[in-house]
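Here's a quick briefing for anyone meeting this structure for the first time. Have a look at the sequence and the model, then read on.

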Amino acid sequence: MNPIGESLLARCKAQGAEDAELYISRGTEFTVRVYKGEIESLVSAESRGIGLRTFREHRVGFSYTSDFEPAALDSLVDEALLNGRYNHADDANVLPEPRPFEVLTGLASPAVAGVDPQRKIDFALEMERRATSLDARVRRVSDAMYSDGSGQVAIYNSRGLEASFDRTVAYGVLETIAEQDSEMQSGFAFTHGRDMDELDLAGVVKEAVENAAGLLGARPVPTASVPVVLHPHAAAMILGVLGSSFSADAVIKRRSLLAGKVGESVAAEIVTITDDPRLPEGLASRPFDGEGVPAERNELIGAGVLKGYLHNTYTARRTNSRSTGSAVRSYKSVPEVGVSNLVLKPGSLSREALLARVSNGLHVSQLSGLNTVNPVSGEFSLGLTGHWIENGRLTRPVKELTVAGNVIALLKKVVAVADDLRFMFAGGFCGSPTVLIEELPVGGL
Amino acid sequence: MPLLEQSLVDSVIKRALRSGADFVELFVERKRNQSISVEESKVQRVNSGNDLGAGLRIIHQGTVSYVYTEDLSEDGLLKTADLAAQIGRRGGGRFAFAELSGAPRPPQRIDVPPDSVGAEAKIELLLEADQAARAVSGAVKQVAVGYGQSAQEVLVATSEGIHHADSRTRVRLMVHAVAERNGEIQTAMEAPGMQRGFEFFDDTSAAEYARAAAERAVALLDAAPSPAGQMAVIIGNEFGGVLFHEACGHGLEADFVGKGSTVFTGKIGQAVASPIVTAIDDGTLPSRWGTLAVDDEGVPTRRNVLIQDGVLVSYMYDRLRAGQQNHPVTGNGRRQSYQHLPIPRMTNTFIAAGAHTVEDIIAATPRGLYAKKLGAGQVDVTTGDFVFAVTEGYLIEGGRIGRPVRGATIVGNGPRALHKIDMVANDLKLAPGTCGKEGQGVPVSVGQPTIRISELTVGGTGVVPAGAMRQ
């Protein structure tokens, strides 16, 4: 075991803790932002931190530090034990028994450490250069960034758990500005992978440019009830909002709109949603969760029916269930319950075939105000931006539309899902294909 | 105990300069946090933590680079200085910082350091609040209360010989109430906080805030779905200022302005708002959530008028953007922690008080929405388009406050809405919040008096037009 881990666990025992758990994370970061062909800023760093949970008479104590000096580590133990004295005793406060986990390959690319920083800088510069030469209306870039990082998570506990894994990630982020007459529109796009070579430079440029230029001339339209098509990113963002309701902790605390609905139909039959922490392409993939419990794929909604909730060790104990390996945390926090890679299962229709089913409707590329969705009641009222659909084709851009309703009612109105699964960060790493929703009242002029 | 010995500060800066850097800045931070939460009337969590780290920013031939570390040993810091010098050696940029000016201000006065108060007293406060909220009505089904404190010490030292420090202590209460009746669920929250010690609770009653949240959640159970459409919107004071912060304030930050990515670019001296609107960013206000003695670049904060009588007067700058745009510093260079580069940020930003009373404004409004409290929102900085949730709203009918409505959002465009502000009341108040930008969260105040926007789009679930909404 890591020498820091060993000595801290021993100190916890010596001070009266029945059990203790250390969560140690270490990471590296390299980020470059460029502007007008020059480096705007370079960030390079190594960081680390340690979180300690102690268990004494079913009271949990927690403390964290980024200071690894011996005195700071001593007070880490003292503080966690002191904090624990105030917490209420709950039989559900236990450490999980260590279980073997299956290694997940491919989470970390050695290339992140090996690539010459100049190549990373060049990637950002190239994104910016190409973005300003694709469309006459897009001559400026407001953000061009390349970032990568590696992280290691190690968990040690007094039940004998010693587990660790490494993960790397690389991103390219691009935001362009399209201008025409006195109007400005911004267009955002990103590309992600385990290392720089997995990034799609041409794709991110094309998308950022199209997103900005495509919205030029957007106008409000009169209020109407029409079929609505959600771009995969818009649908993934709704998935992200729904994500918190799968948490058993939210259910226990009455903060979930899915509370008490297991076995009930909560969505159209075509809707199947899984949380899969072992997904090969998932950036939130991990072999075990924040407590060291092996990660597993969990079907949450199967053919429209709610199958169950996500659990950590505490919520599982409290509700006579089993942990689904869904503890999420950083070293600065105790394990909460959360999603990893949350996926709306794609169908077999192509995006074009799905659009062809709409003769007159709305294609939504951006949703705004998702953070205003009431997580308990599911009620929402959102701003929409996108394009009008005429005979299966996107035509004029539209903006300043609103749609109001309820997340569950919306899920029940899904009539088709395409085959074009795409991911984005929206709470968890959320993936969705293009989704067709039957008629919704869309407010405009 | 100083955050870092002066001799070590000097040798780190010297080491980074040795490699040929033109400018070196060392930022050292220590932050102690404590949070306590009570849910289901039980103490769920007493957590504490320590953040300690340093960031080294250098400019080498016009290129800015930044390296941070948690290893504050002499070895660790000198290694960091070498790394900063090495990654920054590319050069070829054109960056320079604006001169740092002004005398540093003293940190905010703290009478009772929250660390000196045991957890028992804080827990007692939370349990009282929990009981007060539950006593409001049997419909109150769930209450979550929380207490948070943080004490951040920062040190900024630069190769210009500047050596400034600040200490920022914050305490905050959070109350979240859930009311439920016949399957209908509504929630409400209150979250007061100040840059003060535990003496904050001498004149702030946790129980009163808890009652207010619970009462609002219960009242919302009787609220009708909000009507949708264009109408006059009265926006309440205090946290209502979040609308200006998000939809206009960010557009006045010099990094966006420098890239021409906001509609306020190049508009200094022009009318950008109705002539009754004056807006200010003031980092010096005593005890406020976003107040700083010096910003995170060591620049003393000041009161910056952004919009005077409708005319755009100033943007908000960090040293880098002030240097690029040939403007004096304004004390708006901020960062979430030592792990982040400073960028232009707001401090305490608000619309100044006007001449009307709230009653005047309501009486002068034949039909509209009174958005007394706003919740979360989202804004496109480039266009200024915004969406905000109304967490406490009422219909205005015939110059009177009518029935409560739920599920309302207001949708519009910040710069256009500024021109449509036609009444400003005299009840200016500020509220604390955490502002997010480029992945960095910093504490700020938002604020305003009650204002009226003559016309705004309201989104809501109600399908019946407002005029016809009677039982």
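There are six cavities of 30 Å³ or more in this structure, which is a predicted model.

**The largest cavity**
- The largest cavity has a volume of about 380 Å³.
- Its lining is made up of 27 residues, and the ones closest to the centre are A:Asn93, A:Tyr314, A:Val334, B:Gln44 and B:Arg45.
- From chain A, strand 2, strand 3 (59-65), helix 8 (313-318) and strand 12 (336-337) each give at least two residues to this lining, and so does strand 2 (42-60) of chain B.
- Sorted by class, the lining of the largest cavity has ten nonpolar, nine polar and eight charged residues.

**The second largest cavity**
- The second largest cavity holds about 140 Å³ of space.
- Its lining has 13 residues, and A:Ala235, A:Ile238, A:Leu344, A:Leu411 and A:Val414 sit nearest the centre.
- Helix 6 (232-243), helix 10 (407-412) and strand 20 (435-443) of chain A are the elements that give two or more residues to this lining.
- Helix 6 of chain A has the largest share, with four residues.
- What classes of residue line the second largest cavity? The lining has 13 nonpolar residues, with no polar and no charged ones.

**The second largest pocket**
- The second largest pocket has about 720 Å³ of space.
- Its lining counts 37 residues, and those nearest the centre are A:Thr28, A:Ser44, A:Ala45, A:Glu46 and B:Leu83.
- Chain A elements that each supply at least two lining residues include strand 1 (19-35), strand 2 (38-56), helix 4 (117-131) and strand 5 (162-180).
- On the chain B side, strand 3 (63-69) and helix 2 (74-87) each do likewise, with at least two residues.
- Which element gives this pocket the largest share of its lining? That's helix 2 of chain B, with six residues.
- By class, the pocket lining splits into twelve nonpolar, 13 polar and twelve charged residues.

**Chain B overall**
- Chain B has nine helices and 23 strands.
- With a radius of gyration of 24 Å, close to the 23 Å that the globule rule gives for 471 residues, chain B is as compact as a globular protein of that length.
- Taken along the principal axes, the C-alpha atoms of chain B fill a box of roughly 80 × 55 × 35 Å.

**A six-stranded sheet in chain B**
- Six strands of chain B form an open sheet in the order 12-11-10-15-22-21, with mixed pairing.
- Strand 12 (311-312) and strand 21 (429-437) of chain B are the edge strands, each pairing on one side only.
- Inside this sheet, strand 10 (residues 279-282) and strand 15 (residues 348-351) of chain B run antiparallel and are joined by three bridges.
- In that pair, B:Asp281 stands opposite B:Thr349.
- Helix 5 (residues 242-249) of chain B lies across strand 10, strand 11 (303-308), strand 15, strand 21 and strand 22 (440-448) of chain B.
- That helix runs at about 120° to strand 22 of chain B.

**Strand pairing in chain A**
- Strand 7 (residues 224-230) and strand 14 (residues 360-368) of chain A pair in the parallel sense, over three bridges.
- Here A:Val229 stands opposite A:His363 of strand 14 of chain A.
- Strand 14 of chain A also pairs with strand 15 (residues 379-390) of chain A, in the antiparallel sense and over eight bridges.
- In this second pairing, A:Leu367 stands opposite A:Leu384.

Note on methods. Residues are numbered from 1 along each chain as its sequence is written. Chains are lettered from A and ligands numbered from 1 in the order in which they are written. This is a predicted model: local features need pLDDT of at least 70, side-chain atom pairs count only at pLDDT 80 or more; totals for chains, interfaces and linings use all residues. Side-chain values use heavy atoms; hydrogens and water are left out. Two strands pair if DSSP finds at least two bridges between them. Contact means heavy atoms within 4.5 Å. Axes are lines fitted to C-alpha atoms, for helices over the stretch in contact, and angles run from 0 to 180 degrees between N-to-C directions. On a 1 Å grid over the protein atoms alone, a cavity is a set of points where a 1.4 Å probe fits but cannot get out, and a pocket is an open set with protein on both sides within 12 Å along at least five of seven lines; lining residues have an atom within 4 Å of a point. Grid points are joined across faces, edges and corners, and a volume is the space filled by probe spheres set on the points. Ala, Val, Leu, Ile, Met, Phe, Trp, Tyr, Cys and Pro count as nonpolar, Asp, Glu, Lys and Arg as charged, and the others, Gly among them, as polar. The radius of gyration is taken over C-alpha atoms; the globule rule is 2.2 Å times the number of residues to the power 0.38.
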